[in-house]
Amino acid sequence: MNGIRLHCSRGHKVESESGRWGAWSEPLWCPHGSFLVAFSLRVEAPKTLGDNTGANNVRFRCSDGKELEGPGLAWGDFGSWSEPCPKGICGLQTKIQRPRGLPDDTAMNDVRFFCCSS
C-alpha cells in the first residue's frame, strides 16, 4: 500500500502523502447518507530478511454498519477496529518510508485517521 485517498460527498478529496509505486484503485463508497466512522489496517510484521511490505490494506466501517475493504494485498493481519468517530472521519496522516533501494522498500507503514469535530 502506497497511499490513501478519501473522497468526500461534496467532491473534496483528502489524500495522504503517497509512495511512488502503484496506481490508484477505484473509490469505494458508503451508502448514501452514511459516512466513514472507523478503520482497521492490515500490516505485515517486519521480517529480519526478505521482502517486507508494511501496510497492505485498509478496511472502513460506515455509519450504517457497512464495511468497505480496499483491494490491497493479503499479507499480514488486520488489526482491531479503531474507536468510532461519532461525526465521521475527516483527516488522515500516513507514515511512509522513503525509497531506499536495496535491500528493501516498504512504502506505507502506518496511518492515523482523525475524527471530525463538527
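Reader: What makes the link of Cys30 and Cys62 left-handed?

Author: The angle about the S-S bond is -90°, and the link of Cys30 and Cys62 is left-handed. This is a predicted model, in which local features need pLDDT of at least 70 and side-chain atom pairs count only at pLDDT 80 or more, while totals for chains, interfaces and linings use all residues. Residues are numbered from 1 along each chain as its sequence is written, and side-chain values use heavy atoms, with hydrogens and water left out.

Reader: Why are Cys85 and Cys115 called a disulfide?

Author: A disulfide is a pair of cysteine sulfur atoms within 2.5 Å. The sulfur atoms of Cys85 and Cys115 are 2.0 Å apart, so the pair is a disulfide. The torsion about its S-S bond is about -70°, so this disulfide is left-handed.

Reader: Why does Cys85 count as buried, and what is Cys115?

Author: Buried means under 20% relative accessible area, exposed over 50%, and partly exposed in between (1.4 Å probe, protein chains only). Cys85 has 5%, so Cys85 is buried. Cys115 has 44% and is therefore partly exposed.

Reader: What makes the link of Cys90 and Cys116 right-handed, and how is each cysteine classed?

Author: Cys90 is joined to Cys116 with S to S 1.6 Å, and the angle about the S-S bond is 95°, a right-handed link. Cys90 is partly exposed because its relative accessibility is 44%; Cys116, at 13%, is therefore buried.
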